[in-house]
Amino acid sequence: QVQLVESGGGLVQAGGSLRLSCAASGRTRSSYTMGWFRQAPGKERNFVAAVNWSGGSTYYADSVKGRFTISRDNAKNTVYLQIDNLKPEDTAVYYCAISLLYGSNKQRDFGPWGQGTQVSVSS
């Protein structure tokens, strides 16, 4: 099974930025779609962004368009999530996951999952 490890989270002031990383190891495939989800305390896990590993196409949740950028580096088997102009409502655990589908924003279409990285935005 492919293993995913997220990193790059932390405590940041509103208006700041972070770059999250998701490193894949094991039996990786270039055809995988890689996605980011986030889950705030007491709330559902919500889709954030996704990129087709082999094709480079991307799509985003409406709530993060213009502030979040997903990108990839196939040589490093790593997917990034650049977050700019952080807001308190961005506070959540951010998870990386794999999907065999492109275009889905549903949890059920993604897996396996990484362990998550905490993003906390102070106001």
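Strand E5 provides the largest share of the lining of the largest pocket, namely four residues. The structure is a predicted model, in which local features need pLDDT of at least 70 and side-chain atom pairs count only at pLDDT 80 or more, while totals for chains, interfaces and linings use all residues. Residues are numbered from 1 along each chain as its sequence is written, and side-chain values use heavy atoms, with hydrogens and water left out.

Strands (E, at least two residues) are DSSP runs numbered from the N terminus. A pocket is an open set of points, on a 1 Å grid over the protein atoms alone, where a 1.4 Å probe fits, with protein on both sides within 12 Å along at least five of seven lines; lining residues have an atom within 4 Å of a point. The largest pocket holds about 270 Å³ of space, the volume being the space filled by probe spheres set on the points. Its lining consists of 18 residues, and Arg-38, Lys-43, Glu-44, Asn-46 and Glu-89 lie nearest the centre. Strands E4 (33–39) and E5 (45–52) each supply at least two residues of this lining. Sorted by class, the lining comprises seven nonpolar, five polar and six charged residues; Asp, Glu, Lys and Arg count as charged, Ala, Val, Leu, Ile, Met, Phe, Trp, Tyr, Cys and Pro as nonpolar, and the others, Gly among them, as polar.

An open sheet is formed by four strands in the order E1-E3-E8-E7, with antiparallel pairing; two strands pair if DSSP finds at least two bridges between them. E1 and E7 (68–73) are the edge strands, each pairing on one side only. On average, neighbouring strands of this sheet are turned by 15° against each other, direction ignored. E1 pairs with E3 (residues 18–25) over five bridges, and Gln-3 stands opposite Ser-25 in E3. Buried here means under 20% relative accessible area (1.4 Å probe, protein chains only).

The structure contains one disulfide, defined as a pair of cysteine sulfur atoms within 2.5 Å. This disulfide joins Cys-22 to Cys-96, with an S to S distance of 2.1 Å. Cys-22 lies in strand E3 and Cys-96 in strand E9 (residues 92–99), so the pair ties together parts that are 74 residues apart in sequence. Because the torsion about the S-S bond of Cys-22 and Cys-96 is about -80°, the disulfide is left-handed. Both Cys-22 and Cys-96 are buried.

Definitions and conventions:
Buried < 20%, exposed > 50% of the residue type's maximum accessible area, 1.4 Å probe, protein only. Axes fitted to C-alpha atoms, helices over the stretch in contact; angles between N-to-C directions.
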